[in-house]
Amino acid sequence: MSKTQRAMAPLTALGGRSILFVMAADAEYGPHLKARFAPFMTGVGPVEAAVELTAALAGLEGRGQLPDLVVSLGSAGSRALEQTEVYQATSVAYRDMDASPLGFEQGVTPFLDLPATLPLPLRIPGLREATLSTGANIVSGAAYDGIAADMVDMESYACLRTCTRFEVPLVVLRGISDGKSELRHIDDWTEYLHVIDEKLAVAVDRLGEAFAQGLLTR
């Protein structure tokens with residue numbers, strides 16, 4: 001992503017608020033979402049999400065245009081949740097962090113004074129809720145045994161830490177693309193993204209309605 005692209009992080013007016021929609025991959029950005037907003041694309045994984053979103057928000061802050069809200073949306077994996085359904089994350093944990101040999105709880109970043117699981121307090125009425133785990137690995141099959149959260153992704157924790165730095169609230173919306181069976185090919189991830197695109201678009205509409213009606217609650 002070029003400096004020009006970062007400088008032009010697109011803001012969307014929704015329900016009387018300024019929103020920065022953030023996504024990781026073009027494959028998740030289908031026609032229903034395209035009809036509603038232009039996203040800021042970070043690339044895949046926590047490092048890319050942190051680097052690119054930080055640069056984007058710093059650019060917006062420099063112009064006095066920080067958004068009222070950042071919305072991270074896309075797909076997630078889950079062995080337990082309903083496939084193709086959309087969930088709003090109520091919390092997010094960083095599964096890559098493990099400093100337990102030094103006496104820290106697994107998931108706690110040393111010396112940061114934050115718990116292993118961080119809350120996401122905003123709620124869109126009418127959307128299902130689930131807990132989320134972020135990491136740099138694709139989770140499949142038996143790997144779910146070591147994860148306490150309901151669903152997994154690769155960017156949301158990084159987005160939350162970045163948003164905290166700029167004091168901008170975050171909402172995370174995820175459609176469940178995989179997890180019921182072992183992932184063996186990229187098609188196992190993309191098979192239902194067209195369905196998730198349509199359902200995420202409905203969730204975005206509900207977000208706009210919640211803002212317009214003053215119903216978005218902490």
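A pocket is an open set of grid points with protein on both sides within 12 Å along at least five of seven lines, and its lining residues have an atom within 4 Å of a point. Keep that in mind as we walk through this predicted model.

**Stop 1: the second largest pocket.** Select Ala-93, Tyr-94, Arg-95, Ser-133 and Ala-148: of the 16 residues that line the second largest pocket, these lie nearest its centre. The space here comes to about 280 Å³.

**Stop 2: the largest nonpolar core.** Next, pick Leu-20, Leu-53, Leu-57, Val-70, Leu-120, Met-151 and Leu-170, the residues with the most contacts inside a core of 30. Several elements each bring at least two residues to this core, among them β2 (17–23), α3 (46–62) and β9 (170–178). Show α4 as well: with six residues, α4 gives the most to this core.

**Stop 3: around Leu-53.** Which residues is Leu-53 in contact with, leaving aside neighbours within four places in sequence? Zoom in and you will meet Leu-20, Val-22, Phe-40, Glu-48, Cys-159, Thr-162 and Cys-163.

**Stop 4: a second core.** Select Leu-14, Phe-37, Leu-69 and Leu-122, which are included in a separate core of 27 residues.

**Stop 5: confidence.** Finally, colour by pLDDT. The chain averages 87, and 92% of the residues score at least 70. Select residues 1–6, where pLDDT stays under 50; the model has ten contacts beyond four places in sequence for this stretch.

Conventions. Residues numbered from 1 in each chain as written. Predicted model: local features only at pLDDT ≥ 70, side-chain atom pairs only at ≥ 80, totals over all residues. Heavy atoms only, no water. 1 Å grid on protein atoms, 1.4 Å probe; cavity = no way out; pocket = protein on both sides within 12 Å on 5 of 7 lines; lining within 4 Å. Points joined across faces, edges and corners; volume = space filled by probe spheres on them. pLDDT = per-residue confidence, 0-100. Contact = heavy atoms within 4.5 Å. Core = buried A, V, L, I, M, F, W, Y, C linked by side-chain atoms within 4.5 Å. Buried < 20%, exposed > 50% of the residue type's maximum accessible area, 1.4 Å probe, protein only. Helix = DSSP H or I, 4+ residues; strand = E, 2+ residues; numbered from the N terminus.
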